[in-house]
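This report covers selected features of the structure shown below.

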Amino acid sequence: MPNASYEHKWGMVVDLDKCTGCQGCVIACQAENNIPINTKDYFLQRRAYEWIRIERYWEGEYPNVKARFMPVLCQHCENAPCEPVCPVYATYHNEEGLNVQVYNRCVGTRYCINNCPYQVRMFNYWHPNWPARLENQLNPDVTVRSRGITEKCTFCVQRIRRGELKVESQGGQRLNDDTIAAGNYDPACVQACPTNALMFGDLSEDRQPSPSAIKPYFDDVNAHPGHGEHDRETRGYRLLEEMNTRPSVIYLKKVDPYPLKGGH
Amino acid sequence: MQEGKVLPAAQINRDLLRSILETPQWFWPVVSLLGAIVLAAAITIGIMINTGLGITGLNYKVVWGFFITNFVFWIGISHAGVMLSAILRLAKAEWRRPATRAAEVLTIFSLMTAMIMPIIHTGRPWRILYWAFPYDFARGIWPNIRTPLVWDPSAILTYLTSSTLFVIIALVPDFAVLRDRTTGWPKLVYTLLAMGWEGNPRQWKLQIIAGVLLSALILPVFVSVHSIVSWDFGMAVAIKSWHSTVFAPYFVVGAVHSGVSAVVFAMILLRWAYGWQDYIRHEHIDALGRLLIVVATGWFYFLVMEIIFGIYGLEGDELAVRALQFLPGDYGVAYNVWMIVFVGITYFLPVILWLPKAWRRNLWIMSAACISVNVGMWLERYLLFVPGQANKQFQTFTWNDYLPQWPEALIVGATFAFVSMLMLLFSRVFPLVPLYDIKEGDILRTEIQVGRRTVPATFRED
Amino acid sequence: MASETQAHHGDQSHSEHGHFGPEMWVIPEASVLVAEVNEKQRMTPGIWRVIFIAGGVLTVLGIVGFVLKALSDGFSDHQAWGFYIAAFAFVFTLTASAPLAACAFRFTKSHWRRPLSRIAEIFSLVSLVNILLFIPALIVLPDIGVMHESGEQLVRRSIWFQELTNPSGWLMAGMIGLSLCSVAILWVAAMPDMAQSRHHVSGFRATLYGKLAGCWYGTKRQWQVQKGGLAILGALYFMMVVFVQFLIVSDFAMAMIPGWKDSILPPFYTVISFQGGLATILLVAYVMRRWGGYRELIGQAPFWAASKVLLGLTLLHTYHLFAFFITYWYGRLEVEQAILNYLMFDSYLGIFWAQLFFTFFIPFPILVSNHARREGWGAPLAAVFIIIGLMLWHIRIFAAAFAAAPAVEGGLYYLPSDAFSFPALLLPPPEATFPGIADIFMILGGVGIVMLVFRIGMMMLPPLSLWEMKEGSMYQRVDTLIRGRYLVLGKPE
């Protein structure tokens, strides 16, 4: 077990201004978390899934058009709608602010999928298969999920645990932005993002001496909840704020120096 | 004038027990056919459990499809039993008598069928007890009572238990009749089931008190079952069109609508199959038809409320779902056409067919109307559940539609065969029209002379 | 087979009609009925004078309250008029569905309804008052669309959607149509009685009855038309009343709280209205029976039977309330939490619990008790609590809704382009408003005017439905079955 004396509350910031839609995070996640390969069949069945997906929207009308990208992953809501509806406690909130999924408990009622406003919970319709030559690349730290269960982004809890073990339990130091980055303890998508659009950190209140770099965004958004959106000093906002889910992921608005002419 | 004649008790016994004491020629072929369909579905379920839900049409966006629709449909059918037995018994409606048993038995069988649906729909059905059984099973975790999915089994199992008790209590006097008319091992079984019934006043008193008490106690269960089923959807905040406060009464009334229609159709079938013209008479069908007009109109009102207040908020995410439901779509499936069909065959067509008295007394027209209601109510659930999931929330990137596959269609179709088969098998061993209830009605039946007119009348028991 | 239980009943409760229980009530002989009712109508026991005077005084108070309010606040600010709307809606709720009770139980051919029918139908006269009361309500109702200073068209959320015209005309048309329909029911239902009574009465009644029922001779054809007409009018009235209730509760309650989107509210309001209507009828019937001299004519059976219906409606009320609550509470959506806090758990907490006690926790045990229901006092006692509870309900819903949001500047009107957002208005919820002296006067006036109009109606028309009671006495007979004597009831097709 990690050292219980250190409190954590993990969070992420997604800077849409930096996101180029390169799908690097998607691939990193796929590799890190043993996600089955999305074959053509899976796509045609509309069952291809990613724990983090890049949503692509078009702004404007052709030819005057811009592509917009938005990475969406599990928001690890503090007030998660998926949690109370699970009959077997397969999903619950842990003390580190993570919305965790216990694969062994899941019976696959899929209510959590329906009650997730972000559509980040995924159901395993088939038993996962890899080509024989890829079987050795599976991450030993991550369960290979069987069919019939729901799964979703974990904030790469295996890396966090490794960090807690290495740095906190063995090293006696508290994890911070620097030690997380140095040891590659941040989620695979964050590590892989070439533009640093994704930032990961610890938001817990009693963090000393150096607070995480992403903390100010959360402080700002929390200080102006809901309707105070226009008073915020940063570009931060949460997805579907009116759902009152209080996600642990904050998005930073895109800065658009050249807005579309005639667009809305 | 009184419709139908008062028959001697011996003839009532003979007529109503004919289905048990003799086997009609068509019986085994029909049961075998139904059994074959059920077997095919059972094999499909086996394949599905073995290879996974991948063989269905469900996808990453629409995760509740045909099975859940069918689950709600059968739960709905199960509401006929209490509606006809308990409510009409408390309201002292005389015309309920021939319909009660069939309705109650249909309740039990449709509940059992309904319960299969969510079980096979889960990803890992073999672990279902962790969900449905209120015990911690050495895992140290009890089921999560906050979820409607745990309210569900509690309500449904309570309903199943109380309905079964209700049927058994009403069956005891009839078991005794059967005990006295059979030989061999059937007699032994009926003797056990009759529990020493000899029809003395004390036994009758207890039987009546038990019946009335259960009628009153079962009513809250009746309302709660479909309310809770509706809250499976109503509690899901993420799906805007489901999160509607009217769902509970809307579902309950809809359930009664489809359930009573199903009972009417079942009664017409039984009348035809077993020649029970003297017992299931036109007046009964007529009265049920009038009841159905009221229920259907109540249901339609709730439907309109649901739709109006769905649009009322003018919230984009909900409007997207409503657009999918009501406007010609970009997708292959045009939900708006189905929507028109559904409202037409669930409300307008049957109510028009029920309005003229002559049509209510025409069994062909009544059958058509009742089938139409049930097809419509099935569609209703589908059109309520699927578009909500397909166009969930603002992230249009994830919007997706659903196309059911053959295993789902086969299993859904087989549930109808399953319930029919169970009803037929039941009618072979237990009387589907309550003997004592009919006799009681005949005893209480009398006439009153008003001037030159003779008016049917009844003795009031209390 | 039922003989044992029956004999038991018969021994146990000696009602005024011999050895039958209250549920086995026998309607008095038809031949004396008309004369007796006309005789009783002429008598004025003290209770009627008290009701007349009290009703009159309260009505005057109500008018005073209205004038005070109009002078102090004017009609431009809808927020000041919450209690007036509550008073109006209270009167409307209780009286509009009352005539329906007569139609509904006539439709189900309930024997026990017969003495209650006319009481229910006389409430149709109150609907004429409802039209008057509705006019100020329409005046204070904020417009659907207004022009903002910036030149932007602001529209508030309502069931009229983007329709910018003021819905007053439609609302008024609904109200008048409803009123006409209910008065028509009263007229058609009372016609045989008036025709028969005009030979027994003198003075203005004779003239009135002659005018209103001069064409009635009681031919077979006339009876057929009358009964068919009542059935059709009843069905029409049922649909109209549900529709007008939908309009009123959505326009005057739901649309007044920004973000309140609640599809169960109209059915909920309808259930409440049925509950209140039946409670009012039972209360009036009890007063007539206990103090008004109609003891033998009304009997205990209506209370015994109607109290079961009232119990059902009370349970339905609570069920609808719970369905609303659980859906809002479970989701934890911000706007829904705010509305729950406003209407139930914060601003109107006290009134909510008081209302719940009055509409459920107190009447439920009374209505469940067989003893209380059989003796005839259970249902009226529960009715008193229910009526008080419904008064509180109207304050909690209508007065609260009107006080919730100002009309301009971020209140009821939001920008159509901004339809996704929801107003910040209810965070934190506004304080509960308390009635001023004028508000209290107006609420009392609402109660008073119902009393007054009902008393006048009772003086004008035969207060019991004579033809239905005579019909009832013809369709009943006491007969022997096996060893016991039972009531036989005829049910014509």
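## A strand pair in chain A

Through how many residues does a hairpin join β2(A) to β3(A)? The hairpin joins these strands through 2 residues. The model is predicted, and local features need pLDDT of at least 70, side-chain atom pairs pLDDT 80 or more, whereas totals for chains, interfaces and linings use all residues. Residues are numbered from 1 along each chain as its sequence is written, with chains lettered from A and ligands numbered from 1 in the order in which they are written.

Strand β3 (residues 64–72) of chain A runs antiparallel to β2(A), and 9 bridges join the two; strands pair if DSSP finds at least two bridges between them. A:R56 has A:F69 in β3(A) as its bridge partner. Helices (H or I, at least four residues) and strands (E, at least two) are DSSP runs numbered from the N terminus.

## Contact between chains A and B

In chain A, 37 residues are in contact with 35 residues of chain B, contact being C-beta atoms, placed from the backbone, within 7 Å. On the chain A side, β2 (53–61), α3 (111–114) and β6 (122–123) are the elements that give two or more residues. This side divides into 22 nonpolar, 9 polar and 6 charged residues (Ala, Val, Leu, Ile, Met, Phe, Trp, Tyr, Cys and Pro count as nonpolar, Asp, Glu, Lys and Arg as charged, the others, Gly among them, as polar).

## A helix pair in chain C

The axes of helix α8 (residues 168–197) and helix α10 (residues 220–252) of chain C come within 9 Å and cross at roughly 150°. Axes are lines fitted to C-alpha atoms, for helices over the stretch in contact, with angles from 0 to 180 degrees between N-to-C directions. α8(C) and α10(C) are therefore roughly antiparallel to each other (angles over 145 degrees). The contact of α8(C) with α10(C) has 19 nonpolar, 6 polar and 1 charged residues.

Methods. Parallel < 35°, antiparallel > 145°, perpendicular 65-115°, else oblique. Contact = placed C-beta atoms within 7 Å.
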